[in-house]
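Here is a short briefing on the chain shown below. It takes the surface first, then the sheet, the cores, the aromatic pairs and the backbone.

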Amino acid sequence: MAIKSSANRSEDPSGVIALYHSFLEDPEMSTPVAVFKALTDFCRDNKAPTMSEFMVTLEQAAQSIRNESQSDSSSTTKHQHKATIASLAGVDLFMRFVTRHSHDFSASGEKERRSSEARSFEEFKKNLLHRAQLILEKAFSARLRAAEVGAHFVHDNSVVLVHAYSRVVMSVLHHAANVQNKRFKVYVTEGRPNSDGLQAVDYLREAGIPCRAVLDSAVGYIMDKVDMVFVGAEGVVENGGSIEKIGTYQIALVAKSLGKPVYAVAESYKFVRVYPLNQYDLPSATPEIVSFTSRRKSFSNSQADTMDQLTVTNPSVDYTPPQYFTLLLTDLGVLTPSGVSDELIKLYL
């Protein structure tokens, strides 16, 4: 552990990775928001005297978070299922926000810059931090807005299937039960390998919602009893597909084959400019499960997989193509999968 912490200090001279991890300790904070908040604090403490130096150091800080998230994706941590895609969404959102703000400031402050470049940079930084705070406030309320949208799709006296634990899906069900006063029952998949579906069961029971946990492998068995499926997302990609907890794809496949609606619920800050072609085209390390060795000793009892080894050598997320979703329920409203690309165009152009 001492070696790892020393390495982190040498690779994180700005302290932005430490900030990022400290914000992730909040169980209610999404990964993209933690990234955005960490980079905002980095900008506030940045001592760069000029715009060019400021942008260089900011890009270095952003890249350090990208690198850190990729190294974390292959380790057994509490936040393992928060895949690289979620960090990329946060970094891309913040860097696009800074770039757009710098362009706006350049267009509006040409005369002032000619008279005092230093004062102009200080004004830019002040306005940047002010706008960043407004975006963070909006981001903190995004989950509630998505829950309000999603709750309308929970029918009275229905049976709902959810996969493992998703904060935004829990918010949808809580809103439907305790604000809209709907009555329904919930099946929750266990969510191996870390079994966070049991956390969802505890949450729902505390909220007074009838629920029970089912094995991941029992999804096909209970799907006939289900009226609808709700899943969360760590990232929503350009074509409207999603990257989420491993097992989401197979649940969507079963639901689609049996004619059950599948709703993906996500905050818009999870939209990311990634276009995966298949399961192995994701921005994270390829797990060892997709490779084999022919060495006979690898099949001996001494090499038998333990649960910890399974966690490391198996994927923590999968990709669900857009054709398996009925609708995307977001803080921006109800979207079809093609609507994601429209929103990304508005953001990046």
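The chain exposes about 17,400 Å², and carbon and sulfur atoms supply 53% of that area. The model is a predicted one. Of the 349 residues, 51% are buried. The secondary structure comprises 13 helices and 10 strands. Among contacts between residues at least 6 apart in sequence, 79% join residues at least 24 apart.

**Sheet**

- An open sheet is built from 7 strands, in the order E3-E2-E1-E4-E7-E9-E10, with mixed pairing.
- Strand E3 (211-214) and strand E10 (333-335) are the edges, and each pairs on one side only.
- Neighbouring strands of the sheet are turned by 25 degrees against each other on average, direction ignored.
- Helix H9 (residues 197-206) packs on this sheet, where it touches strand E2 (184-189) and E3. The direction of H9 makes about 175 degrees with that of E3.
- Strand E4 (residues 228-231) and strand E7 (residues 262-266) run parallel and are joined by 3 bridges.
- Phe 230 has Tyr 263 in E7 as its bridge partner.

**Nonpolar cores**

- The largest nonpolar core holds 35 residues. Val 16, Leu 39, Phe 54, Leu 58 and Phe 94 touch the most other members.
- Five helices each supply at least two residues of this core: H2 (16-24), H3 (31-45), H4 (51-72), H5 (84-108) and H7 (117-151).
- Leaving aside neighbours within four places in sequence, Phe 94 is in contact with Phe 36, Leu 39, Thr 40, Cys 43 and Leu 58.
- A second core is separate and has 31 residues, including Phe 153, Ala 177, Val 186 and Cys 211.

**Aromatic pairs**

- The count comes to 9 aromatic pairs.
- Phe 36 and Phe 97 make a tilted pair, at 5.8 Å centre to centre and 45 degrees between the planes.
- Phe 36 sits in helix H3 and Phe 97 in helix H5, so this pair ties together parts 61 residues apart in sequence.
- Phe 36 counts as buried because its relative accessibility is 3%, under the 20% limit. Phe 97 is buried too, with a relative accessible area of 11%.
- Phe 54 and Phe 121 make an edge-to-face pair, at 5.8 Å centre to centre and 70 degrees between the planes.
- That pair links distant parts of the chain, with Phe 54 in helix H4 and Phe 121 in helix H7, 67 residues apart. Both Phe 54 and Phe 121 are buried.
- One aromatic cluster is formed by Phe 36, Phe 94 and Phe 97.

**Backbone points to check**

- Most residues other than glycine have a negative phi, and most peptide bonds are trans.
- The peptide bond from Arg 192 to Pro 193 is cis, with omega near 10 degrees. Pro 193 lies in the loop between E2 and H9.
- Ser 195 is found in the loop between E2 and H9. Its phi is near 55 degrees, a positive value in a residue other than glycine. Ser 195 is buried, with a relative accessible area of 17%.
- Asn 157 also has a positive phi, near 65 degrees. Asn 157 is placed in the loop between H7 and strand E1 (158-163).
- Is Asn 157 buried or exposed? At 57% relative accessibility, Asn 157 counts as exposed, because the cut-off is over 50%.

How values were computed. Residues numbered from 1 in each chain as written. Predicted model: local features only at pLDDT ≥ 70, side-chain atom pairs only at ≥ 80, totals over all residues. Heavy atoms only, no water. Helix = DSSP H or I, 4+ residues; strand = E, 2+ residues; numbered from the N terminus. Buried < 20%, exposed > 50% of the residue type's maximum accessible area, 1.4 Å probe, protein only. Contact = heavy atoms within 4.5 Å. Areas by Shrake-Rupley, 256 points an atom, 1.4 Å probe, with all protein chains shown as cover. Pairing = 2+ DSSP bridges. Axes fitted to C-alpha atoms, helices over the stretch in contact; angles between N-to-C directions. Core = buried A, V, L, I, M, F, W, Y, C linked by side-chain atoms within 4.5 Å. Phe/Tyr/Trp six-rings, centres within 6.5 Å; stacked < 30°, edge-to-face > 60°.
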